Amino acid sequence: MAEQRISFLLNIVVREMNSQADGLLRDEFGITYSQFVFLITLSENPEIDVTRLAEALGVTKGAV
């Protein structure tokens with residue numbers, strides 16, 4: 001039971017951190033956190049194809 005409470009609390013903390021990061025990125029650069037992750041992934045893997053990019057971002061190829 002304690003493990004479930006810890007994982008629930010961690011989920012809340014991560015969600016809040018993502019929300020804060022999203023707000024900062026929007027204010028400073030006019031992009032969302034998802035767009036930031038997309039750009040970082042591309043910058044670190046310039047030869048990446050759409051399939052691998054989708055896998056790295058955890059979305060479908062269509063979403064990419």
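The model is predicted: local features need pLDDT of at least 70, side-chain atom pairs count only at pLDDT 80 or more, and totals for chains, interfaces and linings use all residues. Numbering starts from 1 along each chain as its sequence is written, and side-chain values use heavy atoms, with hydrogens and water left out.

Start with the fold. The protein has three helices and zero strands. Its pattern along the sequence is α-α-α. Helices (H or I, at least four residues) and strands (E, at least two) are DSSP runs, numbered from the N terminus. H1 covers residues 2-29. H2 covers 33-44. H3 covers residues 50-57.

Next comes the overall shape. The C-alpha atoms fill a box of roughly 45 × 30 × 20 Å along the principal axes. The radius of gyration is 15 Å, while a compact globule of 64 residues would have a value near 11 Å. That radius is taken over C-alpha atoms, and the globule rule is 2.2 Å times the number of residues to the power 0.38.

Two C-alpha separations give a sense of scale. Val-50 and Leu-9 are 41 residues apart along the chain, and their C-alpha atoms are separated by 34 Å. For Met-17 and Glu-55, 38 residues apart along the chain, the C-alpha separation is 23 Å.

Now the surface. The protein exposes about 5300 Å², and carbon and sulfur atoms supply 59% of that area. Accessible areas come from the Shrake-Rupley method with a 1.4 Å probe; for residues, only the protein chains shown count as cover. Of the 64 residues, 11% count as buried. Buried means under 20% relative accessible area, exposed means over 50%, and partly exposed lies in between (1.4 Å probe, protein chains only).

Phe-8 sits in H1. It counts as exposed because its relative accessible area is 52%. Phe-8, Leu-9 and Ile-12 make a nonpolar surface patch of about 300 Å². Patches are made of residues with over 30% relative accessible area and no salt bridge; like charges are joined within 9 Å, and nonpolar side chains (Val, Leu, Ile, Met, Phe, Trp, Tyr) within 5 Å. Met-17 also belongs to H1. At 54% relative accessibility, Met-17 counts as exposed.

Further along H1 is Asp-22. Its relative accessibility is 18%, so Asp-22 counts as buried. Leaving aside neighbours within four places in sequence, Asp-22 is in contact (heavy atoms within 4.5 Å) with Ile-31, Thr-32 and Tyr-33. Thr-32 lies in the loop between H1 and H2. Thr-32 is buried because its relative accessible area is 18%.

A salt bridge is a side-chain nitrogen of Lys or Arg within 4 Å of a carboxyl oxygen of Asp or Glu. The pair is also a polar contact at 2.8 Å. That term means a pair of N or O atoms within 3.5 Å; within protein, one must be able to donate a hydrogen and the other to accept it, and residues adjacent in sequence count only if both atoms are side-chain atoms. Both residues lie in H1, four residues apart, about one turn of the helix. Asp-22 is buried, but Arg-26 is partly exposed at 47%.

The count comes to two salt bridges. Glu-55 forms one with Arg-52, the closest N and O atoms being 3.8 Å apart. Both residues lie in H3, three residues apart, about one turn of the helix. Glu-55 is exposed at 55%, and Arg-52 is partly exposed at 47%.

Finish with the ends of H3. Asp-49 caps the N-terminal end: a side-chain oxygen lies 3.3 Å from the backbone nitrogen of Thr-51. Gly-58 follows H3, and its phi is positive, near 70°. Val-50 lies within H3. Val-50 counts as partly exposed because its relative accessible area is 44%. Not counting residues up to four places away in sequence, Val-50 touches Lys-61 and Val-64.
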